[in-house]
Amino acid sequence: LVRAQDHVCGVTKNSCSASDSLSSTRLLIKGGTIVNADRQEIADVYIEDGIIKAVEPNMKVFDEIRVIDAAGHYVMPGGIDPHTHLAMPFMGQVTSDDFFSGQAAALAGGTTMHIDFALPSDGDLLAGYKQYQEKASKACMDYGFHMAVTKWNDRVASDMEMLVKDEGINSFKFFMAYKGALMVTDEELLQGLKKCKELGALAQVHAENGDAVVEGQTRMIEMGITGPEGHCLSRPSILEGEATSRAIRLASFVNTPLYVVHVMSIEALEEIIRARQSGQRVIGEPVVSGLALDDSVLWDPDFDVAAKYVMSPPIRPAGHNMALRAALSTGLLQLVGTDHCTFNSTQKAAGKGDFRKIPNGVNGIEERMHILWDLMVNSGKITPMDYVRITSTACAQIFNIYPRKGAIIPGADADIILLNPNATSTISSKTHHSNVDTNIYEGWTLKGKIEVTISRGRVVWENGVLNVFPGSGRYIHLPPYSYLFDGLDKIDSAYLSSLKAPRHYSK
Ligand SMILES: C[C@@H](CNC(N)=O)C(=O)O
Ligand SMILES: [Zn+2]
Ligand SMILES: [Zn+2]
Ligand SMILES: [Zn+2]
């Protein structure tokens, strides 16, 4: 039985061990405040074989199953992180979190699914996809893939089609920065947008003007600014705004939905708001670092401290994060990712003396859910229902796996978290589960603690202990033609008929 002094939120066993194997596939979560994106209620959740079977108040338990007393806790869909880079080769290094360590960290932080970015191998999409599936063989939770497109030719186009039709990929990312590495030209972006529309796949952009970034970097080096502060000074927010605007307009020209990843600035936000106000289907994804931090951290005199915050687009000056938080609280931005892309101090030290060599990326996959609860719910900016929407439901809808994911309703996957609003937790690289020696939120104490994470009906995180093993993960196919594509053809035919409409020329 539960010892009174150890608050373990009533995770009790009311059965003899003999039935454990049976009870491990059956679970009852009693008396919690269940929060979905559209409603909140006090009820019980009955789970069997990884699926939610019933959500009702006062359910009776007749035989031996495991009961979790969730009274006083929020019972919410597990987080879905739309933006991660595990085991990613980048800037001459490989991210320090692989598909086991990164996913273990995610589960410990209340995220039960993530969508990672598979990169082509020398421009070959299929080879890249297969390599990423190999990396994911050590997965311990549900995951999906976006595919990056870093060049254009007929082979890329046919590979995109195969990946959508046979491999469950429904989104492709185009980098407008990282010149000479991942960056595509406008012509390649245009072809990619057209192909995404043809396939019912969502086009995603990393929106910075990569040519101007190189110019900005040269400018800094010539001025002798070589430290981490040179990174953010070299790629100001106007370059993010310019590329965001360009991508949005090209997507409008093609008439296909667009998803802007890691929106870090007011300039990018304004472009997204303008597009949405005009009826264009544009999704804006801020990330936790851009919501929670400002660029002062890049001036830290300790290189190891400043370098851990180097990501692109850069964390912006104070003010941008406030605008992003406000936009998120009113639905002008739709969901939150992390862009989890970890490099340890040794790897980051490659850029000592030249910020251009600091591998870009920060942590977040374990901290996202706690930071957003503290930053957005405890501050009163959003409700628990909004929290569920921006951390889980919106992502499931955008990537077309709702309500299998992103909801606590009968038939959905049993990916559930229990959050105790009165408990606190402190972030530290000494206790986090990522395989990295730094944490950009080091020392932060947050109110609201995810005490239990349930993944596909299994309790994988409780009492501060992870119960996961490599190889238990599952690849989730993401089907094409999400709601974002509904009715696009009607807009197309209206456009085409407008072209044929007679013009009245004045004599
Ligand atoms: C390379 C990857 C992660 N790194 C970063 N954002 O700095 C990205 O640009 O999304
Ligand atoms: Zn508790
Ligand atoms: Zn990016
Ligand atoms: Zn990224």
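A: **Loops, ligand and helix pairs**

N400 lies in the loop between α15 and β16; helices (H or I, at least four residues) and strands (E, at least two) are DSSP runs, numbered from the N terminus. The model is predicted, so local features need pLDDT of at least 70 and side-chain atom pairs count only at pLDDT 80 or more, while totals for chains, interfaces and linings use all residues. Residues are numbered from 1 along each chain as its sequence is written, chains are lettered from A and ligands numbered from 1 in the order in which they are written, and side-chain values use heavy atoms, without hydrogens and water.

N400 is not a glycine, yet its phi is positive, at about 65 degrees. The loop between α15 (384–398) and β16 (416–426) also holds P403, and the peptide bond from Y402 to P403 is cis, with omega near 0 degrees.

P313 is found in the loop between α11 (303–307) and α12.

Polar contacts are pairs of N or O atoms within 3.5 Å. A backbone N or O atom of S312 lies 2.7 Å from an oxygen atom of ligand 1. Y178 places a polar side-chain atom 2.6 Å from an oxygen atom of the ligand, and N360 has a backbone N or O atom 3.2 Å from a ligand nitrogen atom. On its own, ligand 1 has 280 Å² of accessible area, and the protein covers 100% of it (Shrake-Rupley method, 1.4 Å probe).

Axes are lines fitted to C-alpha atoms over the stretch in contact, and angles run from 0 to 180 degrees between N-to-C directions. I266, E267 and L269 of α9 meet H320, A323, L324 and A327 of α12, where contact means heavy atoms within 4.5 Å.

Elsewhere, α3 (residues 125–135) and α4 (residues 154–167) pack at about 40 degrees, their axes 9 Å apart, and are therefore oblique to each other. Their contact involves L125, L126 and Y129 of α3 with V156, D159, M160, M162, L163 and E167 of α4.

Conventions:
A polar contact is a pair of N or O atoms within 3.5 Å; within protein, one must be able to donate a hydrogen and the other to accept it, and residues adjacent in sequence count only if both atoms are side-chain atoms. Angles under 35 degrees count as roughly parallel, over 145 as roughly antiparallel, 65 to 115 as roughly perpendicular and the rest as oblique.
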